[in-house]
Amino acid sequence: MKVVKDLEEDNQQSNQKQEQSPSGFIKMKKFQFVMLIFVLVFATAGITTFALAFGDEKAVNVGVTERSEFDKLYEAYDSLNKEYYKELDDEKLVNGAINGMLDSLEDPYSDYMNKEEAKKFNQSISSSFEGIGAEIQERDGNIVVVSPIKGSPAEAAGLKPNDKIIEVDGKNIQGMSVTDAVLLIRGEKGTEVTLTIQRPGSEDTTQVKITRDEIPLETVYPEMQENGIAKIQITSFSDDTYDELVKAIEQMKKEGMKGLVLDLRQNPGGLLDQAIKISNLFVPAGKPILQIDDNKGSVEKVMAEEGKKVEVPVAVLIDNGSASASEILAAAVSETADIPLVGTKSFGKGTVQTAENFSDGSNMKLTTAKWLTPNGNWIHEKGIKPDVKVELPDYAKLPFLNPEKELKESAVSEQVKAAEEMLKAIGFNPGNVDGFYDENTVEAVKQFQEKEKLEVTGVLKGESTLKLMDLLRKKMVEDDPQVKKAVDLLQEKVKEEKN
């Protein structure tokens, strides 16, 4: 072959030249050698002098690829260090520059975390942490609750999806990044934080005082319903969620599970790998779970594999707090396993984030791809519509009552109207639900306080207010029409399979 031949000829010529000079050195007269050394030294000195005289950056950049797009950044950095009237922290300047680049993306899911913020972020997906227990995001310049974590202080205080957090301990956080807001909201167990909340559809704000606690990241909660229908709630997707779910399914099997309601309501999402592993329990092998569309335009299909599968009829609950990984799971089972979705439209987060760690312990979380449903639909900012739409009762949407604020006779406010609606929902008649605390409202409050063995004053404050909201939550759990509809669907399915 010509190529091989040419290579062999080159090798032979090289060997012949080496044989002409066995020692490996070039023969040269002494005077010529000395002159060559002199010229080399002179040339090197000249180049060095030129570099030092006409540009520091040229000396610095030897062997480094020029990046002209950063010239302005370097100029700004140098000017700040030289001209600013105060001494500057170089690390803060660099962190600010990275933050600025990420902010320019106008993507609420991409952000930079310094060492402290990165540590808290890692804790939130891998272990327990201390705080109020609410997933938040930045939306149109506001910090908005995506969902409170089950059993958390945030849930107990009545925070709901889409609540805007206007202030934290009196500090306005509008326009603040999520990571900065999290630093203000989180804190040590036992300490208090006061949030100023604005509920959708209302111009009024309410102050909510919450005592921080340890937030355990137990994410799966099983319970048996009637007639062998189990309900398993997944509150988020963290490191151990798949293992927790498998254990919960085995537990429900032992208790006679004939059908399964998988509750993804108010689940803000979490780790992609967990969503895929859990989807694999329900999606038949060989069918797609999702598609990942990366920044180069290539689309990868993630397929279900052989392995453990749930074999009983399943229904899935979703609502406007179901986001990200929850939506991946809901879409997968809906489009490839013919599992019905019950509830209300989901949140609509169709992007995938990747966390990149820096050597100093800081972290950059950025959107690296968008995910599509098995059928290729992008649900971002659209959400997933349920197959069976079931709304919660109106009382489930009532605003939080501030237990420190006294509601008494002759008071007129939206808070009074909310209290009257709560009383009516749990069986006490306050008369006209009009926001006016009249004698009928006083009498209803007294009856409520007497039944619950509270101090009978006819005034709502403190313990009475908290008890009223707690009873309303319990009623919501008992009456839950979304769960009841899912159970009915599964019972019909079980009967069909028997026949």
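**Rings, backbone and pocket**

Mentor: In this predicted model, K150 lies over the face of Y221, at 5.4 Å from the ring centre.

Next, rings against rings. A pair of aromatic rings is described by the distance of the centres and the angle of the planes. The structure holds 4 aromatic pairs. One of them joins F70 and Y74, with 6.4 Å from centre to centre and 40° between the planes. Planes under 30 degrees apart would count as stacked and over 60 as edge-to-face, so F70 and Y74 are classed as tilted. F70 is partly exposed, because its relative accessibility is 25%. Y84 and Y85 form another of the pairs, with ring centres 5.1 Å apart; their planes meet at 55°, so this pair is tilted too. Y84 has 40% relative accessibility and is therefore partly exposed, whereas Y85 is exposed, at 64%.

On to the backbone. Most residues other than glycine have a negative phi. E106 has a positive phi, near 55°, and is not a glycine. E106 belongs to the loop between helix 5 (90-103) and strand 1 (111-113), and E106 is exposed, because its relative accessibility is 73%. K453, also not a glycine, has a positive phi of about 60°. K453 is in the loop that runs between helix 13 (439-451) and helix 14 (463-479). With a relative accessible area of 76%, K453 counts as exposed.

The largest pocket holds about 1,500 Å³ of space. It is lined by 49 residues, of which K160, R265, Q266, L392 and M476 are the closest to its centre. Helix 14 provides the largest share of that lining, 8 residues. Strand 4 (142-148), strand 10 (220-224), strand 11 (229-234), helix 14 and helix 15 (481-498) each contribute at least two lining residues. Sorted by class, the lining of the largest pocket consists of 20 charged, 19 nonpolar and 10 polar residues.

Terms used: Residues numbered from 1 in each chain as written. Predicted model: local features only at pLDDT ≥ 70, side-chain atom pairs only at ≥ 80, totals over all residues. Heavy atoms only, no water. Phe/Tyr/Trp six-rings, centres within 6.5 Å; stacked < 30°, edge-to-face > 60°. Buried < 20%, exposed > 50% of the residue type's maximum accessible area, 1.4 Å probe, protein only. Lys NZ or Arg CZ within 6 Å of the ring centre and 35° of its normal. Helix = DSSP H or I, 4+ residues; strand = E, 2+ residues; numbered from the N terminus. 1 Å grid on protein atoms, 1.4 Å probe; cavity = no way out; pocket = protein on both sides within 12 Å on 5 of 7 lines; lining within 4 Å. Points joined across faces, edges and corners; volume = space filled by probe spheres on them. Nonpolar A, V, L, I, M, F, W, Y, C, P; charged D, E, K, R; others polar.
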